[in-house]
Amino acid sequence: MEKSVKLTYKNETFEFPLVGGTEDELGIDIKKLRALTGLVTLDPGFKNSGSCQSGVTFLDGEKGVLKYRGYAIEDLANGADFLEVAYLLIFGELPTSAQLDKFQSDINEESIVDEDLKVILKSFPKTAHPMGILASLTSALTAFNPSSVDVDSEEDMYKAIVTIMAKFPVIVAWTQRKVKGLPLNYSDSKLSYVDNVAKMMFKKPNSDYDLNPTITAALNKLLILHADHEQNCSTSTVRIVGSSHAGLFASISAGISALWGPLHGGANQAVIEMLEAIKADGGDTKKFMAKAKDKNDSFRLMGFGHRVYKNFDPRAKIIKVTADEVLNELGIVDPILDIAKGLEQEALSDTYFVDRKLYPNVDFYSGIIYRALGIPTEMFTVMFALGRLPGWIAQWREMRMNNEPIGRPRQIYTGATEKVFKTLKKR
Ligand code: CMC
């Protein structure tokens, strides 16, 4: 097998080693490229560039495979609890019962949020987007939990992880309760992580909340499916912010902002808005398909296409089945589910989508489930963030433990050169 590649430049040949991964991926190690040749590489959007070596998540976009720490996503989504998956991602192995009990009880212990955070939440207008609120409150957690993390201390690291895992669902629930005008509440130490999420989000002040197994099972599955996705935009943001040795909460707050965009996690909100617009327009899916294909029209079929998957997104397959199950079990008939299925059918047999290998992604059907659970559309990306939290933590921890250098890309400068400066009066 080849061990290196050669590059010839100015009649000189340079050799660069190949780096292999455990799933047979190969990359060219160009760490010495600039020092040896004076050249840099140019790769906008990092379509060909690996930013790190990582042992957290593997995905094969051509085959539609996704694994967390070696476990198939299908097995985890169907057989595990979200907190087990969080533990697996962060610490590298599935927990024993004793380890999981300890993780859960440490989280319960930390699940109080400083009451003063409510003042910050209160000062947001009701119309504020929940993702903006979530990013701000996550950043504010740093101010209320100021001790810095010594990444060489396992104890310090564990404390920071437990703190954010505990407080994040509380501020997620508070964000939804603010939107809905409901009083703020706390978790219940007797309940599991996901049951607590459901209760904190949905409990009304004038009645008890009976846990609904359909709702908690659907939430559990969605959170697992969103828990990590290797070096996507928000995760890369978390790693690059953390690479300056910014703290965990600050890095995660930056990741939330990155996730918000409609090309990334914000797509789940955009999909429902698109399906609603198609419905309001009379349900003519062909018209919107034509718009998506028209290069003079900025409209894109939201929830379709992926940077890495050039085949079915395995998460979308699971979510589509779950959407059907959840709507059936809850007795909900949602006409936009039919519109979504119609669009998918058309896209899968349309040469534009087939040639470009555009398939439904994780966001195409997830919003239909969130909607059936009674979550407001603007909260969908917040739910994505709640699921992604363990992935961001795992990747941040790995980056710091590997002592990665600060992220600082190069550029090819294309601006003006050698302009003559004139003082303001002379311009
Ligand atoms: N509708 C219509 N055309 C599309 C779409 C789409 N959704 N996605 C890609 N294309 C076309 C694109 O116009 C381009 O065509 P051409 O080769 O003729 O110029 C080709 O397919 C390749 O697209 P690209 O934009 O170069 O691909 P990318 O890897 O840079 O972008 C993407 C990936 C996910 C941003 C893009 O597919 C997209 O905008 N999808 C809609 C938004 C979405 O659903 N995002 C959620 C992604 S999955 C969850 C997550 O990561 O958060």
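This report looks at one helix pair and the cavities in a predicted model.

## Where H11 meets H18

Let's start with two helices, H11 (residues 248–260) and H18 (residues 380–401). Their axes come within 10 Å and cross at roughly 135°. That angle makes H11 oblique to H18, and the crossing is right-handed.

Who's touching whom? On the H11 side you'll find Leu-248, Ser-251, Ile-252, Gly-255, Ile-256, Leu-259 and Trp-260, and they meet Thr-381, Phe-384, Ala-385, Leu-389, Trp-392, Ile-393 and Trp-396 of H18. Sorted by class, the contact has 11 nonpolar residues, 3 polar ones and no charged ones.

## The largest cavity

The structure has 2 cavities of 30 Å³ or more. The largest has a volume of about 80 Å³. Its lining is made up of Gln-104, Ile-107, Asn-108, Ser-111, Ala-166, Pro-169, Val-170, Ser-187, Tyr-193, Asn-196, Val-197 and Met-200.

Helices H4 (97–109), H7 (154–180) and H8 (193–202) are the elements that each give two or more residues to this lining. H8 supplies the largest share, with 4 residues. By class, the lining of the largest cavity splits into 7 nonpolar and 5 polar residues, with no charged ones.

## The second largest cavity

The second largest cavity holds about 30 Å³ of space. Around it sit Gly-305, His-306, Tyr-309, Asn-311, Asp-313, Lys-357, Tyr-359, Pro-360 and Asn-361 as lining residues. Charged residues do turn up here: the lining of this second cavity counts 2 of them, alongside 3 nonpolar and 4 polar residues.

Technical notes:
Residues numbered from 1 in each chain as written. Predicted model: local features only at pLDDT ≥ 70, side-chain atom pairs only at ≥ 80, totals over all residues. Heavy atoms only, no water. Axes fitted to C-alpha atoms, helices over the stretch in contact; angles between N-to-C directions. Parallel < 35°, antiparallel > 145°, perpendicular 65-115°, else oblique. Left-handed = near helix turned anticlockwise from the far one by under 90°. Contact = heavy atoms within 4.5 Å. Nonpolar A, V, L, I, M, F, W, Y, C, P; charged D, E, K, R; others polar. 1 Å grid on protein atoms, 1.4 Å probe; cavity = no way out; pocket = protein on both sides within 12 Å on 5 of 7 lines; lining within 4 Å. Points joined across faces, edges and corners; volume = space filled by probe spheres on them.
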